[in-house]
Amino acid sequence: MNIHIKDEKLFDSIRENSIFEIEIGSSMYQLKNDNSDTDVLIIYINPISCRTSFNSHHQLQFKKNSTDYILTTLEQFVMNILSGDSTINYEVLCSSQFQNAFPELSDALSCYNYKVIKSYLGMAKRDLKTIRKKYNNKTASHFLRGLMFSEQMILRQNIFALSTHDFNILKQVKLGINTLSENDLKFYEEHMNNLRESLIEQKIDAVRLFEIETAMIKINETYVDYLFRDFSTIKYYIRALELNDFGYEEKKWK
């Protein structure tokens, strides 16, 4: 869930600390049309003076000039990918723009992610119920995209590397050129259940976690002229391991 803010001065101050901006949604999926909304995700460095011991997974959202901005710190961005709380963040991670800007962090995070796959399949299940009650082109395309992206992840493929056939189906459903029949929905429902059964739960080990945190520290050092003296991302993620926040195996740390 995003926390909506209306303070433009706060938005401007956050944007001053931006390290990455990208248009998300239909533009990222190459499905944008004249009726599509404009959504932008901003990753920013949170000044030390604004940091506290409380770390929320809730990102901020601000609307300006018909554009919705999602605002997330680098720590939140990573945390919500690891926890599966934000499929949008994972999509940004898979974009060529992000991979070019932050190759080390992209390499560390770009792998099979059980919790993100579960999120896509969970949303697909919800969307299926919705379109069976009242069909909607946008929701139907969202349903299909969730299935296609989760399958790509299970196959260890970039989610945007869809086949031409799958992309055309997705586009036709979004535009209303092709409407999913009840037989189509039964077929995709069975496919969804098969994908769910094929899931292999994998835990993120301490070695990969250290690689992620190392990449994050390097990014922070690149964009700010001071180090985290009162905030330790490494301690935070070790705490997450101890509390089993993200489904990791509990471990003892000295």
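Which exposed residues does the face of helix 10 turned away from its buried side carry? Val207, Phe210 and Thr222; the legends below start from there.

View 1. Helices (H or I, at least four residues) and strands (E, at least two) are DSSP runs, numbered from the N terminus. Helix 10 takes in residues 206-223, 18 residues in total, and spans 26 Å from first C-alpha to last, close to the 26 Å expected at 1.5 Å a residue (that is, 1.5 Å times one less than the number of residues). Its buried residues are Arg208, Leu209, Ile212, Glu213, Ala215, Met216, Ile219 and Asn220. They sit on the same side of helix 10 because they cover an arc of only 155 degrees around the axis, taking the directions from the helix axis to the C-beta atoms. Buried here means under 20% relative accessible area, exposed over 50%, and partly exposed in between (1.4 Å probe, protein chains only). An α-helix has 3.6 residues a turn, so residues three or four places apart point the same way.

View 2. Strand 2 and strand 3 (residues 38-44) run antiparallel and share six bridges; Glu21, for one, has Ile42 in strand 3 as its bridge partner.

**View 3. Around Ala124.** Ala124 belongs to helix 6 (residues 114-133) and counts as buried because its relative accessibility is 1%. Leaving out residues up to four places away in sequence, Ala124 touches Phe143, Leu147 and Met192 (contact: heavy atoms within 4.5 Å). Glu189 is 65 residues away from Ala124 along the chain, with 9.1 Å between their C-alpha atoms.

View 4. The protein averages a pLDDT of 84, and 84% of the residues score at least 70; pLDDT is the predictor's confidence in each residue, from 0 to 100. Over residues 225-254 pLDDT stays under 50, and the model has 57 contacts for them beyond four places in sequence.

**Notes.** This is a predicted model: local features need pLDDT of at least 70, side-chain atom pairs count only at pLDDT 80 or more, and totals for chains, interfaces and linings use all residues. Residues are numbered from 1 along each chain as its sequence is written, and side-chain values use heavy atoms, with hydrogens and water left out.

Definitions and conventions: Two strands pair if DSSP finds at least two bridges between them.
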